[in-house]
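The sequence and structure come next.

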Amino acid sequence: MAELAANFAQVQARIAAAATSCGRDPEEITLIAVTKTWPASDVARLSELGIVDFAENREAETAAKVAECAAAGLSGLVWHFVGQVQTNKARSVAEHVDVVQSVDRERLVDALVAACERAGRSIDVLVQVDLDPAAAEAGFRSRGGALPESVPGLCAAVAVAPGLRLRGLMAVAPLGEDPDPAFARLARCAASVQVAHPAADWISAGMSGDLEAAIAHGATHVRVGSGLLGTRSISR
């Protein structure tokens, strides 16, 4: 608990310093703890420290961890899904999380609509933007997301989809590159989306290594895993 508290304080200080340096209020920025591969007991500890938002990236682990946290009496948590969603896993994801941050194609929109209808609930959605489309074109591994030119149409599809609430955009900076130009592209894309969808004002960007650059370019949500939980191994 002491280790987590110290890490949390350090991340909070980084967020505050980054926000202040670009004239923003640190309270505008939501910290999402990425707890993939870590046990529900760490979710409980981080919750005690005041963290509300948690993210996972695998469907089976998400379902199990959300259920375990609920059984332990943890309430008021907001669960985000940040991994790629297979359409055949959309039902489970939609049943267990509050926010899907990685919508990247219209087939997934349709699958989430059907899943929400079956579950009788609504979820928040972010459209994921591929900030390095040249990598995929060259045969290298992409960080995921819709091509920038596809984003307006995908946002329009989400905006009219029953059971889904369009909240904004999400992206991951390209590997091994300066994140500033990529996050600047994301900011321009987000501004364009907000012209058509003013309420879609979330920008989920920045992780443990690049949250300062993301905040400088308007990130409203940062996703931090190792910065909070470290890199110690876990027995699965």
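How far is the sulfur of C155 from the closest cysteine sulfur?

## Model and cysteines

This is a predicted model, in which local features need pLDDT of at least 70, side-chain atom pairs count only at pLDDT 80 or more, and totals for chains, interfaces and linings use all residues. Residues are numbered from 1 along each chain as its sequence is written, and side-chain values use heavy atoms, with hydrogens and water left out.

The closest cysteine sulfur to that of C155 is in C189, 7.1 Å away, which is too far for a bond. A disulfide is a pair of cysteine sulfur atoms within 2.5 Å. For C22 the closest cysteine sulfur is also in C189, but at 20 Å, again too far for a bond. The count is 0 disulfides.

C155 is buried (under 20% relative accessible area), at 0%.

## Fold

The protein chain has 10 helices and 8 strands, counted as DSSP runs (H or I, at least four residues; E, at least two). Its radius of gyration, over C-alpha atoms, is 17 Å, close to the 18 Å that the globule rule gives for 236 residues, so the chain is as compact as a globular protein of that length. That rule is 2.2 Å times the number of residues to the power 0.38.

Of the 236 residues, 49% count as buried. The chain exposes about 10700 Å², with carbon and sulfur atoms supplying 51% (Shrake-Rupley method, 1.4 Å probe).

Terms used
Buried means under 20% relative accessible area, exposed over 50%, partly exposed in between (1.4 Å probe, protein chains only).
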